[in-house]
Amino acid sequence: MKAIGIWKALPADDREALVEREIPVPVPGPDDLLVRVEAVSVNPADIRTRMRKTEDGQFAVLGWDVAGKVVATGAQVRDFAPGDRVLYAGDLSRPGANSEYHLVEHAIVGHRPEALGPAAAAALPLTALTAWEALFDRLGLTPGAAPGPCTLLIVGGAGGVGSMAIQLARLVPGLTVIATASRPQSRSWCLSLGADAVIDHFADMETQLADLGLAPPGFVLLANDPDRHFPSLARLIAPGGRICCIVPFASPPDIDALMRKSAGLVWEFMFTRPMFATPDRARQGEILTRIAQMAAEGQLSPTGTETLSPISADTLREAHRRIESGRTIGKIVLSGF
């Protein structure tokens, strides 16, 4: 089968950064699905993995956002069958899905309604799971339950995770959702997804919130440039509030800055459940099935803003280049081999 991967870390504009190669079609283990890949999308996780690749002589396939159809199942799989439409983000510790066929553990896979096409579905899994887990597992919000007068600040609202978080936060009645964005296009995007207001994360966020008549936020989702934004967020957060960060710091943050407010910093890493085979990892499959149904019914907008075709080394390099620019809105999807 055709696969696109990396041998060593190279800039995205280098033709050897991502290359095509023929590799064997994998054989499902007892708990696996073999999926024919129809569409994928690209995330910052792909960029970080590419740039950390050691020159060890091993060909590594990236890609952790997939829509496709099941072609074979492992002996212990009961809830999927060949022909089923699926979507998933996969497992960072296993080969990625930038290939014609891909293996994935069935527990972390969602069922995809026929009404949700592959390109739209491929934009959902990683960002939807990250946003869902960040809001509801880490920050402690609950769909359908009003937390009382409270504000959620999403730093990096126009990115893939921010775009999903704005929409999922609307499931919490009475929650005021403030997104950050620095360009007219990204501001408009955040408002179109349901943000109550948008502020500029490159300006004084505390003053901007005060100008809107809002108290300091009790919840913060930090989805962009934490080294730059954490110090101001530590000053901004409400007493007893909580910051959830989804991207690594380049240098250790001064978490003591949160102490006098009894505020907390928590992490969200979507791959924790599959990588550590946690007992509740099937929860990801349940979340994805619900997300896919919501998208199919128009309750949730997939955040793919552009589809490149076919899935190839050239189109993947182009997607990597655009994401590295830091100016993309939503998700870039690749469709069809």
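This is a predicted model: local features need pLDDT of at least 70, side-chain atom pairs count only at pLDDT 80 or more; totals for chains, interfaces and linings use all residues.
Colleague: Which side chain does the side chain of Lys 331 join in a polar contact, and which residues does Lys 331 touch?

Modeller: The side chain of Lys 331 makes a polar contact of 3.1 Å with that of Asn 43. Leaving aside residues up to four places away in sequence, the residues that Lys 331 touches include Asp 65, Thr 127, Gly 160 and Glu 306.

Colleague: Turning to helix α7, which of its residues are buried?

Modeller: In α7, which runs over residues 226–236, the buried residues are Pro 226, His 229, Phe 230, Leu 233, Ala 234 and Leu 236. Seen down the helix axis, these buried residues fall within an arc of 155°, so they line one face of α7. Among the elements that cover them are β9, α6, β12, β13 and β14.

Colleague: In what order do the strands of the open sheet run?

Modeller: The open sheet has six strands, paired in the parallel sense, in the order β11-β10-β9-β12-β13-β14. Its edge strands, β11 and β14, each pair on one side only, and the twist from one strand to the next averages 20°. Helix α3, residues 125–138, packs on this sheet and touches β9, β12, β13 and β14, while its direction makes about 155° with that of β13.

Notes: Residues are numbered from 1 along each chain as its sequence is written. Side-chain values use heavy atoms; hydrogens and water are left out. A polar contact is a pair of N or O atoms within 3.5 Å; within protein, one must be able to donate a hydrogen and the other to accept it, and residues adjacent in sequence count only if both atoms are side-chain atoms. Contact means heavy atoms within 4.5 Å. Buried means under 20% relative accessible area, exposed over 50%, partly exposed in between (1.4 Å probe, protein chains only). Helices (H or I, at least four residues) and strands (E, at least two) are DSSP runs, numbered from the N terminus. The arc is that of the directions from the helix axis to the C-beta atoms. Two strands pair if DSSP finds at least two bridges between them. Axes are lines fitted to C-alpha atoms, for helices over the stretch in contact, and angles run from 0 to 180 degrees between N-to-C directions.
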